[in-house]
Amino acid sequence: MRVLLYILPLFLVLIACNSTPGYVIGEDDMVSLLVDVHKGEAYVEMNSGSFYSDSLKKTFRQTIFMRHNVTQEQFDTSLMWYGHHIDQYKKVYDKVIERLEQEETDIRLAAAREGQVTLAAGDSANLWNENRIASIRRAEASIIFDVTADDDFKRGDVYLWAFRYFNVRGQLRVFFAIDYADGTTSFLNRVEASEGWAKLTLQSDSTKDVKRVYGMLSKPDMNQGEVVLLDSISLVRTRLEKSKYHKFFYQRIYKQKTKE
């Protein structure tokens, strides 16, 4: 009996370490829910003309929650919990990505079999080599990346830094930049609020060699216990499309001063 008394507490501790609280959506259910949330957001973006107001987008998202028998409040509370337990969220998110990539592969293969598309490698590349999820927990914390150019970086390449963010109270400050070999810089400064997708696009100068691509995301006004959760982080490089080159007028240029 004495042995049992030692084993039982240990058993309970192991259960506590490997399960979520009752008010949090469990890992398997969270995976299925997030897969549908991702697909739903992609559908809304592809059909933006039909979802011209926030209320329509919210109603569409509610149908996803209803399908999974959860509420917006349960989803938000669960995300907050996973934000404080980033290792568990990483497990969940890895499964989400695996499911989404498998579904995309199945669709492309089915389309190829029917002769609708031809599978071919393009010039696009995801340069993001870090975790695709991250969190900011303190006002002085930030997310920083820095990619050094190599021979695959071409003049005029376009860089898209994208991520989805949750549990934001206030504003996120985002800086995204390209340094060139001649000492000049193209950059964007932006403020993101609420929650949703952030997509920042930089067009590199077609007459200059890229030296590095880098960025920083921070939230200087964080409250005690607040956690900002990010997922789906990517940094995608595509080749120059001359027809779209004129659209990047909002970029700013900085030139370093040279010593005389």
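Predicted model: local features only at pLDDT ≥ 70, side-chain atom pairs only at ≥ 80, totals over all residues.
Me: Which helices do the buried residues of H3 pack against?
Reply: The residues in question are Arg61, Ile64 and Phe65, the buried ones of H3. Their packing partners are helix H2 (27-46) and helix H4 (72-84).

Me: How far apart are the end C-alpha atoms of H3?
Reply: Let's work out what to expect. Helix H3 covers residues 54-67, which is 14 residues, and at 1.5 Å a residue it should span 20 Å. The model agrees with this, because the end C-alpha atoms are apart by 20 Å.

Me: Is Asn69 buried or exposed?
Reply: Asn69 follows H3 and lies in the loop between H3 and H4. Its phi is positive, about 55°, although Asn69 is not a glycine. Residues over 50% relative accessible area count as exposed. Asn69 has 67%, so the word for it is exposed.

Me: Ser232 also has a positive phi although it is not a glycine; is Ser232 buried or exposed?
Reply: The phi of Ser232 is about 55°, and its place is in strand E9 (residues 228-238). The cut-off for a buried residue is under 20% relative accessible area. Ser232 has 6% relative accessibility, so it counts as buried.

Me: In E8, what is the bridge partner of Ile143?
Reply: E3 and E8 pair in the antiparallel sense over 7 bridges. Across in E8, the bridge partner of Ile143 is Leu217.

Me: What is the angle between the planes of the aromatic pair Phe145 and Phe176?
Reply: The structure holds 14 aromatic pairs, and in this one the rings are 6.2 Å apart, centre to centre. The pair links distant parts of the chain, with Phe145 in strand E3 (residues 142-148) and Phe176 in strand E5 (residues 171-180), 31 residues apart. Both Phe145 and Phe176 are buried. Their pair is tilted, and the angle between the planes is 55°.

Me: Phe175 and Tyr214 form an aromatic pair too; how many residues apart are they?
Reply: Their rings lie 6.1 Å centre to centre with 50° between the planes, a tilted pair. Phe175 counts as partly exposed because its relative accessibility is 24%, whereas Tyr214, at 15%, counts as buried. Phe175 is in strand E5 and Tyr214 in strand E8 (residues 210-218), and the residues separating them in the chain number 39.

Me: Which residue has its charged end over the ring of Tyr214?
Reply: A charge over a ring turns up at Trp197, where Lys199 lies over the face at 5.4 Å from the ring centre. At Tyr214, the charged end is 3.7 Å from the centre of the ring, and the residue is Arg212.

Conventions. Residues numbered from 1 in each chain as written. Heavy atoms only, no water. Helix = DSSP H or I, 4+ residues; strand = E, 2+ residues; numbered from the N terminus. Expected span 1.5 Å × (residues − 1). Buried < 20%, exposed > 50% of the residue type's maximum accessible area, 1.4 Å probe, protein only. Contact = heavy atoms within 4.5 Å. Phe/Tyr/Trp six-rings, centres within 6.5 Å; stacked < 30°, edge-to-face > 60°. Lys NZ or Arg CZ within 6 Å of the ring centre and 35° of its normal. Pairing = 2+ DSSP bridges.
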